[in-house]
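Here is a short briefing for a first look at this protein. Keep the sequence and the 3D view open while reading.

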Amino acid sequence: MRAATLSDGRFSVETVPDPKPARGGVVVKIAACGICGTDHGIWRDHLLPDGTILGHEFAGTVVETGPGVSDWQEGDRAAVLPIPYCGSCDLCRSGKRNLCRLGLQSMVGCGGDPGGLAEYAAVPAASLRRLPASMDVQLAALVEPLAVALHAVSLGRVEPGTRVGILGLGPLGLFSALVARQYGGLCFGLDHRASRVSAAHSFGLGAFAADDLADERIRDLTNGGPDVVIEASGRPESIERAATLARVGGRVVLVSSYHAPAEIKPGRWLTRGISLLPSIAYGPEDFDTALGLLATRRIDASRLVTGVSGLAETQAVFDRFETQSDAIKILIDPGC
Ligand SMILES: [Zn+2]
Ligand SMILES: [Zn+2]
């Protein structure tokens, strides 16, 4: 099969052996695989060896089943849950499966089994989530990043009437805002890029350019500050901004990855009673809820996809990652 593999820090399309289904596993023909900041970080910081096939946000059609698989057949369409939760560690057993060490270390396309930047992938049948007939299989590649946002919003306890601030309106911030709105939250976002503010407006979200006045505006609109601020910009300096923006007694959810230390003023967090809630990954229940939100079109996924490229364009997509400011979600279609 064809796959975009890493070699000397660059992606190129190579022919690699076709994957075979393991016992209890299937082979999926990949319809689309999303690229996100995690992939970009792995590539930029050379975190995985040559030959790795990245990609953890994908969906496709079952083409082969392994021994012991009875509930999946050729032609079934599915989203793939890429985290193999161990199910037996303290964290899995206490409902914090998103923190399962083994699961995160062996995530498909992130250090575990080969990922979705290929024509086919072999995955455990247990990782498949069936798609309703009405759902576009390529859009199901968005279930994974939506699950990340959904976990953050759930951790922030967003309910009808909750006032929500979102710092950073890239894919994660925008997805978080759309989920928070679904849960009845009143959302206001900030971003330094005008194109992202416009993208948020096009979804009917309240959003402002992240200048000095923006925080004051949001504080006015939320009657003293948001109940919860979701920090989705990945800028270390934005963490203190989130704590200052939140109302007294409010919550700050961190959902980005940060590559530099952050300066915070602990005294201010203390006296204002701000809770810090770091949100990493998601549990299987978040994944299933995210799939439901997309399948029922409560979140209009088609508008989130701003480009579909072929495998051969993988390197170009990574190169453009930080500069292509109008992009929300780029999918790779290995069939192109
Ligand atoms: Zn991702
Ligand atoms: Zn576990």
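In helix 6 (residues 194-202), four residues are buried: R196, V197, A199 and A200. Seen down the axis of helix 6, these buried residues fall within an arc of 155°, so they line one face of the helix. This is a predicted model.

- An α-helix has 3.6 residues a turn, so residues three or four places apart point the same way.
- What covers the buried residues of helix 6? The cover includes helix 5 (171-182), strand 9 (186-191) and strand 10 (206-209).

- Strand 12 (residues 251-254) pairs with strand 13 in the parallel sense, over four bridges.
- Within this pair, V252 stands opposite L276 in strand 13.
- Strands of a sheet pair through backbone hydrogen bonds, either parallel or antiparallel.

- Where is I274? It sits in the loop between helix 9 (266-272) and strand 13.
- Is I274 buried or exposed? It is buried, because 21 other C-beta atoms lie within 10 Å, and 20 or more count as buried.
- Leaving aside neighbours within four places in sequence, I274 is in contact with A243, A246, G250, V252 and W269.
- I274 and A246 are 28 residues apart in sequence. In space they are 7.6 Å apart, C-alpha to C-alpha.
- A260 is in the loop between strand 12 and helix 9.
- A260 is exposed, because it has 8 other C-beta atoms within 10 Å, and 12 or fewer count as exposed.
- A260 and P236 are 24 residues apart in sequence, yet 6.5 Å apart in space, C-alpha to C-alpha.

- Strand 1 (residues 2-7) and strand 2 (residues 10-15) pair in the antiparallel sense, over six bridges.
- A4 stands opposite V13 in strand 2.
- The two strands form a hairpin with two residues between them. D8, in the turn, has a positive phi of about 55°.

- Most residues other than glycine have a negative phi.
- H46 has a positive phi of about 50°, although it is not a glycine. It lies in the loop between helix 1 and strand 4 (57-65).
- H46 counts as exposed, because it has 11 C-beta neighbours inside 10 Å.
- N223 is not a glycine either, and its phi is positive at about 60°.
- Where is N223 found? It is in the loop between helix 7 (212-221) and strand 11 (228-231).
- N223 counts as exposed, because it has 9 C-beta neighbours inside 10 Å.

**The two domains**

- The protein is divided into domain 1 (2-130 + 300-333) and domain 2 (147-278).
- How far apart do the C-alpha centres of domain 1 and domain 2 lie? They are 28 Å apart.
- The contact takes nine residues from domain 1 and nine residues from domain 2.
- Helix 1 (residues 37-44) gives the most to the side of domain 1 that touches domain 2, with three residues.
- The residues on that side of domain 1 divide into two nonpolar, five polar and two charged.

Conventions:
Residues are numbered from 1 along each chain as its sequence is written. Chains are lettered from A and ligands numbered from 1 in the order in which they are written. This is a predicted model: local features need pLDDT of at least 70, side-chain atom pairs count only at pLDDT 80 or more; totals for chains, interfaces and linings use all residues. The arc is that of the directions from the helix axis to the C-beta atoms. Two residues are in contact if their C-beta atoms, placed from the backbone, lie within 7 Å. Domain bounds come from an automatic or database domain assignment. Ala, Val, Leu, Ile, Met, Phe, Trp, Tyr, Cys and Pro count as nonpolar, Asp, Glu, Lys and Arg as charged, and the others, Gly among them, as polar. Two strands pair if DSSP finds at least two bridges between them.
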